[in-house]
Amino acid sequence: MQVAVLLPKGSSVYVGLLNGCFDSSVVTQMAVKTLHDSGINRRFSYIGVAILCVVISGFYTLLHPGSKNKTLNSSDARSDEDKQKKMDDDVKLPKDSINITFNNDEKQFEVAPPKSVTDKEKDVSASSVSSDDVIYPPVGSIICSRIYFFHILWFTALLLRFFYFIGSVNRLMVKTLENDGQVSYFTDVMAYTMLGGMLSSFIAGQVFETQNRWFTGTMKTVIPLTVTSCLAILLSSLAFLSSTAVLYADFVVLTFFRSFVFSVNMDFIIISFPEKFMSVLFGLAFSISGVLTLTQYALFTWTEKYDGAMTHVNIALLCLSIISLLHPVLIFMSQKRRSIDRDTDNTIHCSVGSEDMKGLSTKL
């Protein structure tokens, strides 16, 4: 979130790349698995991971810029002030003279006309008033708005699809494959495929960036939201096919799906809502979705009830993925309706305010 605020140009790409780093963290589990196959207890592996986290956190905390840079900046500022005072003392102006300004290192003086100075002051004061007096809607009204409500439902539905696949992939591989050796092999294939999350997350961010050429505002989120829902539909559809070739496709679609879900969720909140409430809305969306996706355990229980239960669960998740398309459709319709209303208002204002050369009203 902080990167998106600090780097507004290309922020979607940066957000996507950071999400891709989380995808690539699966290499940690791959290292634990490799050490376990070599005879090292997993307990020692995770103790090593914990120690590594402490070392990295402490290392970068100590490297964080502190008061030393502040003292350097303050000393530089003082030296600049001293230089300016000396220059002011050297240059003695006659009484009732015009103010002069230095243009960096140039020795020539530039005399600013009084009119231009007052215009600049007016512009600065007007901009400061407009920036300080921005009126935001209360955060409660944003949370209760329809667009935020449907976004949480969209995010929850796709997270449920993602978590169920992760939780049931071992059962799916046992059902599809013949022996345990193949299951271990395809587990490694899945992990290595998810290491490509940097690429898929970059593509997810680039999809958002390309929308800036054609759309503005919330309209930029329609296509990325639709693509993410379509990836969920594709992943749910592949679950009905049981073959080794389909497993490869499952892992590729899963990697792209995961990158799009988390990247699009963050970008949607950044674009659609005021920056002032971004952290609150983002954290609340994750919290509510996290609680609602606890229903995955009900789906796991349903899967174990009878033989064909897994197929029925996948049918339910396929329907849920299709319903998630309602979110981008509603955004598209609402934005289209607003543009039509805006054009209508402009037409009315033009027809009322138009006058001929003699001051008489003209009907359009």
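Visitor: Let me start with a pair of helices. Which residues in helix 12 meet helix 13?

Guide: On the helix 12 side they are Phe262, Asn265, Met266, Ile269 and Ile270, and their partners in helix 13 are Met278, Leu281, Phe282, Ala285 and Phe286. Please keep in mind that this is a predicted model. By class, this contact has nine nonpolar residues, one polar and no charged.

Visitor: And at what angle do helix 12 and helix 13 pack?

Guide: The angle is about 145°, and the axes lie 10 Å apart. Helix 12 covers residues 244–272, while helix 13 covers residues 278–292. The crossing of helix 12 past helix 13 is right-handed.

Visitor: How do I read the length of a helix such as helix 12, and what is expected at 1.5 Å a residue?

Guide: Compare the end-to-end C-alpha distance with the expected span. For the 29 residues of helix 12, the distance from first to last C-alpha is 42 Å, close to the expected 42 Å. Helix 15, residues 309–323, can be read in the same way: its 15 residues should span 21 Å, and the model agrees because its end C-alpha atoms are 21 Å apart.

Visitor: Which residues of helix 15 are buried?

Guide: An α-helix has 3.6 residues a turn, so residues three or four places apart point the same way. With that in mind, look at the buried set in helix 15: Ala309, Met310, Val313, Asn314, Leu317, Leu318 and Ser321. Their cover includes helix 8 (146–176), helix 11 and helix 14 (296–303).

Visitor: Back to helix 12: how many of its residues are buried?

Guide: Helix 12 is mostly covered, with 21 of 29 residues buried. Val246 counts as buried because its relative accessible area is 12%, under the 20% cut-off. Leaving aside residues up to four places away in sequence, Val246 touches Leu238 and Leu241. The C-alpha atom of Val246 is also 9.8 Å from that of Thr176, a residue 70 places apart from it along the chain.

Visitor: What about a loop residue: is Thr221 buried or exposed?

Guide: Thr221 sits in the loop between helix 10 (197–210) and helix 11 (222–238). Thr221 is buried, with a relative accessible area of 0%. Beyond residues up to four places away, Thr221 touches Phe208, Phe268, Ile271, Ser272 and Ile331.

Visitor: Now a second pair: at what angle do helix 3 and helix 4 pack?

Guide: Helix 3 (residues 26–37) and helix 4 (residues 42–63) pack at about 145°, with axes 9 Å apart. Helix 3 passes helix 4 in a right-handed crossing. Thr28, Gln29, Val32, Leu35 and His36 of helix 3 meet Arg42, Ser45, Tyr46 and Val49 of helix 4. This contact has four nonpolar, four polar and one charged residues.

Visitor: Stepping back, how many helices and strands are in the chain?

Guide: The chain has 16 helices and two strands. Of its 364 residues, 32% are buried. Among contacts between residues at least 6 apart in sequence, 76% join residues at least 24 apart.

Visitor: Where does pLDDT stay under 50?

Guide: One such stretch is residues 91–132, with twelve contacts beyond four places in sequence. Residues 354–364 are also below 50, and that stretch has nine contacts beyond near neighbours in sequence. For the chain, the mean pLDDT is 76, and 71% of residues reach 70 or more.

Note on methods
Residues numbered from 1 in each chain as written. Predicted model: local features only at pLDDT ≥ 70, side-chain atom pairs only at ≥ 80, totals over all residues. Heavy atoms only, no water. Axes fitted to C-alpha atoms, helices over the stretch in contact; angles between N-to-C directions. Helix = DSSP H or I, 4+ residues; strand = E, 2+ residues; numbered from the N terminus. Left-handed = near helix turned anticlockwise from the far one by under 90°. Contact = heavy atoms within 4.5 Å. Nonpolar A, V, L, I, M, F, W, Y, C, P; charged D, E, K, R; others polar. pLDDT = per-residue confidence, 0-100. Expected span 1.5 Å × (residues − 1). Buried < 20%, exposed > 50% of the residue type's maximum accessible area, 1.4 Å probe, protein only.
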